[in-house]
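Have the structure open beside you as you read.

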Amino acid sequence: MDALVFNVTTAALMVLMFKGGLALLGEGTLRGRRIPWAAMALTSLALAGVVLQLCWSGAMDALDADPARPGWWRVLTSVFMQNGGLLGGAWNIAALAVVAALADWFWGAPIALGLFLAGILLPEHIDTLFGAGGHHSTDPRNFAGSSGATYFLGATLAAALLLRVLRELPTARTGLDKAQRTEALFAAGVPVLGLVMWFAQANGHGLVSVYGFVLGAAACLLARPAAFRTRAAAQETAQSA
């Protein structure tokens with residue numbers, strides 16, 4: 001039962017990110033957007049990792065992030081290994097493909113890749129800072145898997161969406177409309193649910209989502225005005241692409 005609740009809440013957090021990303025970009029604008037090359041590259045690496053695991057029985061031992069094994073490369077290569085079985089691996093790769101595409105379209109490829117890299121490296125450094133490494137790590141990968149960096153990246157979109165809604169608030173004389181309130185709930189729900197998951201389940205997906213939300217908010221402030229595009233500006237960009 002605990003495993004079922006864990007999986008359901010983890011999936012629910014991803015759904016919040018997905019809905020938030022669609023709201024941020026404008027669901028009706030996706031068809032006319034450019035090919036998300038950064039997302040395709042990350043997804044291809046994840047698929048290549050699965051193929052490597054199928055063809056080489058020693059791939060996980062050589063490339064995972066087990067701290068008991070030496071190798072500076074492990075923190076990077078472990079992201080593209082999958083250890084959740086057929087369904088877990090399929091979920092991770094599908095989530096990566098969708099979230100990376102949304103992030104690529106919103107942030108642009110360089111920033112999206114940089115945020116994904118932060119999602120790989122940041123949990124490890126925070127673990128080291130607080131002495132929570134090894135088997136007590138907050139990194140949800142359990143030494144392998146793309147889910148940690150994916151949830152981190154998805155949370156940056158939630159932060160951008162919430163900041164956009166807050167930015168529009170002063171111009172809303174009658175308050176936020178229904179769509180804006182829904183967007184705010186999607187966005188704010190990511191760090192709230194993430195913290196609940198961490199404290200109630202020790203679910204690392206929740207905590208890395210909080211990290212991503214904080215870094216995404218900072219990235220919005222540094223990347224403005226591009227990261228604060230209004231829905232109308234985003235639609236115009238997509239139509240002219």
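## Arg33 and its contacts

A polar contact is a pair of N or O atoms within 3.5 Å; within protein, one must be able to donate a hydrogen and the other to accept it, and residues adjacent in sequence count only if both atoms are side-chain atoms. With that in hand, look at Arg33, whose side chain reaches the backbone oxygen of Leu25 at 3.2 Å. The side chain of Arg33 also makes a polar contact with the side chain of Thr29, at 3.0 Å.

Where does Arg33 sit? Arg33 is found in the loop between helix H1 (2-25) and helix H2 (37-55). Helices here are DSSP runs of H or I with at least four residues, numbered from the N terminus. Arg33 is buried yet has no salt bridge, and the nearest side chain of opposite charge, Asp104, is 9.2 Å away. Buried means under 20% relative accessible area, exposed over 50%, and partly exposed in between (1.4 Å probe, protein chains only). A salt bridge is a side-chain nitrogen of Lys or Arg within 4 Å of a carboxyl oxygen of Asp or Glu. For charge, Lys and Arg count as positive and Asp and Glu as negative, while His and the chain ends are not counted.

## About the model

This is a predicted model, in which local features need pLDDT of at least 70 and side-chain atom pairs count only at pLDDT 80 or more, while totals for chains, interfaces and linings use all residues. Residues are numbered from 1 along each chain as its sequence is written, and side-chain values use heavy atoms, with hydrogens and water left out.

## Salt bridges

How many salt bridges does a search of the whole structure find? The search finds 6. One of them joins the side chains of Arg74 and Asp64 (3.1 Å, N to O). This pair links distant parts of the chain, with Arg74 in helix H4 (residues 74-77) and Asp64 in the loop between helix H3 (59-63) and H4, 10 residues apart. Arg74 is buried because its relative accessible area is 8%, and Asp64 counts as buried at 7%.

Asp66 forms a salt bridge with Arg69, the closest N and O atoms being 3.6 Å apart. Asp66 is buried at 18% relative accessible area, whereas Arg69 is partly exposed at 30%. A network of salt bridges links Asp61, Asp64, Asp66, Arg69 and Arg74.

Elsewhere, the side chains of Glu183 and Arg164 meet in a salt bridge (3.2 Å, N to O). Here too the pair links distant parts of the chain: Glu183 is in helix H8 (residues 178-201) and Arg164 in helix H7 (residues 147-168), 19 residues apart. Both Glu183 and Arg164 are buried.

## The loop between H7 and H8

Leu176 is found in the loop between H7 and H8. At 21% relative accessibility, Leu176 counts as partly exposed. The C-alpha atoms of Leu176 and Val165 are separated by 8.4 Å, and the two residues are 11 apart along the chain.

## Cysteines

A search of the whole structure finds 0 disulfides, a disulfide being a pair of cysteine sulfur atoms within 2.5 Å. Are Cys55 and Cys220 buried or exposed? Cys55 is exposed, with a relative accessible area of 65%, whereas Cys220 is buried at 0%.

## A nonpolar patch

Met1, Leu4, Val5 and Val8 make a nonpolar surface patch of about 420 Å². Patches are made of residues with over 30% relative accessible area and no salt bridge; like charges are joined within 9 Å, and nonpolar side chains (Val, Leu, Ile, Met, Phe, Trp, Tyr) within 5 Å. Accessible areas come from the Shrake-Rupley method with a 1.4 Å probe, and for residues only the protein chains shown count as cover. Met1 lies in the segment before H1, and Met1 is exposed at 74% relative accessible area.

Conventions: Helices (H or I, at least four residues) and strands (E, at least two) are DSSP runs, numbered from the N terminus.
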